[in-house]
Amino acid sequence: RFFWEADRRATLESRVDRLGTLTFHKKLGTYKDKTERIARLADWIAKDAFGADGQTAQYAAHAARLAKADLASDMVREFTELQGTMGGIYAQQSGLPEQVWKAIYFHYLPVGVEADAPPTRAQLGGAAVTWAAVSLADKLDSIAGLYAAGERFTGSRDPFGMRRQAHGVLRILLDLPELTGIDRPLTLKPLLEMAVEPFERFRGQPNAEMEPYGFWQERLKYLLEQRGFEAGHVRAVLTADGLAPLLARRKLEVLPEFASSPAFTQLATTFKRVKNIARELKGDPPIALDGLAALLREPVEAQLVAELQDRVPRAQAASARHDFRGALTELSSVGPTVDRFFVEVLVMAEDLTLRRARLSLMAHLRDVVLGIADVSELAPD
């Protein structure tokens, strides 16, 4: 009660300047510096990444500026586990709108990777979008800054909670429609590029890593496997999508339907050969698919070209509208023809023009399949 009454004599706004006396990290400045960074980033995420209106973006920026203010309160100095929670309560008590106070209250969450880990959509209410923007901004800023400053975790030692914060970012992006109602398959790359901008001064310094994509891919792999998806399926979609959590999840939700079908298994097995032999182009651009018909002589080659011309646009259109069941159905249908191609055709022909045409055909097939999933990861051992 003493701390409660003492803290309420001052507003959260009045505590922001005191954050300038609290060090976030010796190379990254104070918590006031951090709140200024995450306010800019939360505003950008709300407007540009989420497509929210200007009022929502303002709420997100306002909440981000106040998100760490309770670190300067007596209550949180005494009970550190209440950081964020007390900030949200004090913001509510001072009459700030739900979009602001709930974003502060929940901004340290989520800490679990489970689909039902708090906060829930019901808990967030009208603050779901502002919370997601602030939570993402805070965690992305921390990880981008710490990596740029040369910090790393090792084994069980992770003093800054980098893995936990990464799981929070990925969980928000993975469950974005359920948490916020925003159905956008956001990729991490633009978010990371924006988060790293304030730390450009570290670029080129020893141990500085500006876009640690390997770290993020490993964390996303872990999260998806924790959700119960098979490891081989996870490798297949991560090869294709890189760092697009929601797209990866939606592909994984339909992939088991195809993984055991004979046609898909046939394509998966044959696709290993497709990838390996397409490398023989050695960086040369493939001949356009429309130009291959005049160069290829065997009936099965003509059939494969025709199937690719017919099915590739349909598979790509289905993938573009996130109908991965439709895209995988189109790809599965090509499997028998690809198998016949390898039985009847010698790709590495002595005629160099013919060889390049056949390699180009393999490269086109490789590229369209990899754009959806690396199905070779599903081939039987």
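Helices (H or I, at least four residues) and strands (E, at least two) are taken here as DSSP runs, numbered from the N terminus. The model is a predicted one, so local features need pLDDT of at least 70 and side-chain atom pairs count only at pLDDT 80 or more, while totals for chains, interfaces and linings use all residues. Residues are numbered from 1 along each chain as its sequence is written, and side-chain values use heavy atoms, with hydrogens and water left out.

Of its 21 residues, 21 are buried, so helix 9 is largely enclosed by the rest of the structure; buried means under 20% relative accessible area, exposed over 50% and partly exposed in between, with a 1.4 Å probe and protein chains only. Just past the helix, Gly150 takes a positive phi of about 90°.

Neighbours within four places in sequence aside, Leu188 is in contact (heavy atoms within 4.5 Å) with Leu140, Val169, Leu170, Leu173, Trp216 and Leu243.

On a 1 Å grid over the protein atoms alone, a cavity is a set of points where a 1.4 Å probe fits but cannot get out, a pocket is an open set with protein on both sides within 12 Å along at least five of seven lines, and lining residues have an atom within 4 Å of a point. Grid points are joined across faces, edges and corners, and a volume is the space filled by probe spheres set on the points.

The largest pocket comes out at about 410 Å³. It is lined by 21 residues, of which Lys68, Gln83, Tyr108, Arg164 and Gln165 are the closest to its centre. Helix 9 turns up again with the largest share of this lining, 4 residues. By class, the pocket lining has 11 nonpolar, 5 polar and 5 charged residues, where Ala, Val, Leu, Ile, Met, Phe, Trp, Tyr, Cys and Pro count as nonpolar, Asp, Glu, Lys and Arg as charged, and the others, Gly among them, as polar.

There are 2 cavities of 30 Å³ or more. The largest has a volume of about 50 Å³, and helix 18 gives the most to its lining, with 4 residues. That lining divides into 9 nonpolar, no polar and 2 charged residues. The second largest cavity, at about 30 Å³, is lined by residues including Leu140 and Trp216.

The peptide bond from Leu109 to Pro110 is cis, with omega near 5°, and another cis bond joins Pro118 and Pro119, with omega about 5°. Pro110 is in the loop between helix 7 and helix 8, and Pro119 is also placed between helix 7 and helix 8. Lys282, not a glycine, has a positive phi of about 50° and is exposed, with a relative accessible area of 64%. His322, in the loop between helix 18 and helix 19, has a positive phi near 65° and is partly exposed at 30% relative accessibility.
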